[in-house]
Amino acid sequence: MNGEHQENGYVNLSAFRFADYPEWIYDRDGVEITKKIAMRQGENLVAVFYEIDNQSARELTLSITPQFQLTPKGSCPKRSQTLTSQRGVLNRMG
């Protein structure tokens, strides 16, 4: 990948459901991963929950890399945008 971000998870998306919250189901080689996202209304709070059903005989590790896009609503991020974290607070530059 050479440090480039690639968005190709849709290739393994087998289902999407929305009842009280959105739920994505990915399936690849006998491993099913369900991702659920919930937000608390009126607060800057998001919860992401992953459930793994490993029907394969292989041991696996799920690695998650968060992606942030801190821009005003309706605008696009600049390529020069950087994020820093100090004492648990994210700061946007650019």
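The following dialogue explains how to read several features of this predicted model.

Me: What kind of model is this, and how are its residues numbered?

Reply: The model is predicted, with local features needing pLDDT of at least 70 and side-chain atom pairs counting only at pLDDT 80 or more, while totals for chains, interfaces and linings use all residues. Residues are numbered from 1 along each chain as its sequence is written, and side-chain values use heavy atoms, with hydrogens and water left out.

Me: How many helices and strands are there in the protein?

Reply: Helices (H or I, at least four residues) and strands (E, at least two) are DSSP runs, numbered from the N terminus. Here the protein has zero helices and six strands. Its pattern along the sequence reads β-β-β-β-β-β.

Me: What share of the residues is buried?

Reply: A residue is buried under 20% relative accessible area, exposed over 50%, and partly exposed in between, using a 1.4 Å probe and protein chains only. Of the 94 residues in the protein, 10% are buried. One of the buried residues is K35, because its relative accessible area is 19%. K35 has its place in strand β3.

Me: Which residues are in contact with K35, leaving aside its neighbours within four places in sequence?

Reply: Contact means heavy atoms within 4.5 Å. With those neighbours set aside, K35 is in contact with P22, E23, W24, Y26, V48, F49 and Y50. For the protein as a whole, among contacts with a separation of 6 or more, 10% are between residues 24 or more positions apart.

Me: How many salt bridges does a search of the whole structure find?

Reply: A salt bridge is a side-chain nitrogen of Lys or Arg within 4 Å of a carboxyl oxygen of Asp or Glu. The search finds three in the whole structure. In one of them, the side chains of E23 and R17 meet at 2.6 Å, N to O. E23 counts as buried because its relative accessible area is 9%, whereas R17 is partly exposed because its value is 47%. E23 also forms a salt bridge with K36, where the closest N and O atoms are 3.8 Å apart. This pair links distant parts of the chain, with K36 in strand β3 and E23 in strand β2, 13 residues apart.

Me: Which residues make the nonpolar surface patch?

Reply: Patches are made of residues with over 30% relative accessible area and no salt bridge; like charges are joined within 9 Å, and nonpolar side chains (Val, Leu, Ile, Met, Phe, Trp, Tyr) within 5 Å. Accessible areas come from the Shrake-Rupley method with a 1.4 Å probe, and for residues only the protein chains shown count as cover. M39, V46, V48, Y50, I52, L60, L62 and I64 make a nonpolar patch of about 690 Å². Its largest share, four residues, comes from β4. V48 lies in strand β4 and is partly exposed because its relative accessible area is 44%.

Me: Where does L60 lie, and which residues does L60 contact beyond four places in sequence?

Reply: L60 lies in the loop between β4 and β5 (82–86). L60 counts as partly exposed because its relative accessibility is 33%. Beyond its neighbours within four places, L60 is in contact with V31, I52 and N54. L60 and V31 are 29 residues apart in sequence and 9.1 Å apart in space, C-alpha to C-alpha.

Me: Which residues form the negative surface patch?

Reply: Lys and Arg count as positive and Asp and Glu as negative, while His and the chain ends are not counted. The place of a charge is taken as NZ of Lys, CZ of Arg, CG of Asp or CD of Glu. The negative patch is formed by D27, E32, E51 and D53. E51 has its place in strand β4 (residues 46–54) and is partly exposed because its relative accessible area is 41%.
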